[in-house]
Structures are given as C-alpha cells and as structure tokens.
Amino acid sequence: MPRSTSLPISQEKRRHLRVEYKVPLKISGDHGDILTETKNLSCSGAFCRVSQRLEPMTKLKVHLLLPLRKSDKVRSKKITCQGVVVRTQATVVEDYYDTAIFFSDIAPKDSRTINEFVVSMTGRISNNS
C-alpha cells in the first residue's frame with residue numbers, strides 16, 4: 001500500500017516529494033547484480049533493503065520498473081540511471097541492509113516520469129485516506 005511521507009516542513013529535509021511504494025529495482029556494480037524493490041521513491045533517489053552491505057559512495061547502475069497507468073491499463077516503464085549509495089544501515093533482520101541511493105546521473109525525462117508517478121501515487125493516497 002503506498003503512503004506519502006509527511007513530516008512538518010521544519011523536520012523534512014528532502015527537496016522532492018517521496019512515496020512509500022514497492023517498485024522492482026536492480027542495482028549493478030562491482031559487487032554484481034542485486035534484485036530488490038524500493039521501500040520509497042522520489043525523482044532524486046530510492047530507499048531499499050538489500051542482502052549485502054554497500055559502502056557509502058559506492059557507484060551503481062540502477063534499473064527501475066515503474067508501473068505507469070494510462071487509461072485503465074498498467075504498463076512497466078524501464079528507467080536506467082546512475083546512482084550512488086548515500087546511506088546504509090544494518091537491519092534487525094540479520095544479513096539485510098537498508099540502503100539509500102541518490103540518482104547521480106538521470107535523464108531529465110526519466111526524472112520527470114518518476115516525479116509524475118510519485119505525485120499520482122500521493123494523490124491516490126490522499127483520496128483513499
């Protein structure tokens with residue numbers, strides 16, 4: 001179930017709207033490929049849980065499969081960009097790490113597509129509340 005992150009403006013440091021939504025995600029780098037899904041997403045980055053520790057500043061190739069709705073049909077839009085790990089933290093679940101990835105090199109068109117998706121999902125959350 002998607003949720004928007006809403007903190008008072010004084011506490012929220014992010015510049016872009018973010019939505020809690022599971023989007024299939026593949027991250028590739030020197031460590032190999034990791035398949036996972038986002039926990040939350042914005043046009044500037046993603047937060048996910050991975051099975052191996054990725055050090056901050058690790059450069060990655062990021063592949064997202066964004067479910068876009070047009071009329072009554074849903075189609076997947078593949079977005080590929082470069083990312084960098086900005087935060088990693090061990091979870092209470094052994095051998096998993098919550099990892100924040102900043103999209104360091106993303107096409108403006110893809111960034112807009114992600115932002116439109118986030119805005120549309122946030123609107124659905126507000127309407128369902």
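How many bridges join strand 7 to strand 8? The two strands run antiparallel and are joined by 8 bridges. The model is predicted, so local features need pLDDT of at least 70 and side-chain atom pairs count only at pLDDT 80 or more, while totals for chains, interfaces and linings use all residues. Residues are numbered from 1 along each chain as its sequence is written, and side-chain values use heavy atoms, with hydrogens and water left out.

Strands and helices are DSSP runs numbered from the N terminus (helices: H or I, at least four residues; strands: E, at least two). Two strands pair if DSSP finds at least two bridges between them. Strand 7 covers residues 73-90 and strand 8 covers 97-105. Within this pairing, V84 has F102 of strand 8 as its bridge partner. R87 is bridged to A100, also in strand 8. The hairpin of strand 7 and strand 8 has 6 residues between the strands. There, D95 takes a positive phi near 70 degrees.

Strand 7 also pairs with strand 6 (residues 59-70), in the antiparallel sense, over 12 bridges. L60 stands opposite G83 of strand 7. These strands form a hairpin with 2 residues between them. S71, in the turn, has a positive phi of about 60 degrees. Strand 8 in turn is joined to strand 5 (residues 45-50) by 6 bridges, and the two run antiparallel. Here V50 has Y97 of strand 8 as its bridge partner.

Y96 lies in the loop between strand 7 and strand 8. With V92 and V93, Y96 makes a nonpolar surface patch of about 320 Å². Patch residues have over 30% relative accessible area and no salt bridge; nonpolar side chains (Val, Leu, Ile, Met, Phe, Trp, Tyr) are joined within 5 Å, like charges within 9 Å. A salt bridge places a side-chain nitrogen of Lys or Arg within 4 Å of a carboxyl oxygen of Asp or Glu. Areas come from the Shrake-Rupley method with a 1.4 Å probe. Y96 has a relative accessible area of 36% and is therefore partly exposed (buried means under 20%, exposed over 50%, partly exposed in between).

A search of the whole structure finds 1 aromatic pair. Y21 and F117 form this pair, edge-to-face, at 5.4 Å centre to centre and 75 degrees between the planes. Rings of Phe, Tyr and Trp (its six-membered ring) pair with centres within 6.5 Å; planes under 30 degrees apart are stacked, over 60 edge-to-face, the rest tilted. The pair links distant parts of the chain, 96 residues apart. Y21 sits in the loop between strand 2 (19-20) and strand 3 (24-29), F117 in helix 1 (residues 108-128). Y21 counts as partly exposed because its relative accessibility is 23%. F117, at 4%, counts as buried.

Terms used:
Buried < 20%, exposed > 50% of the residue type's maximum accessible area, 1.4 Å probe, protein only.
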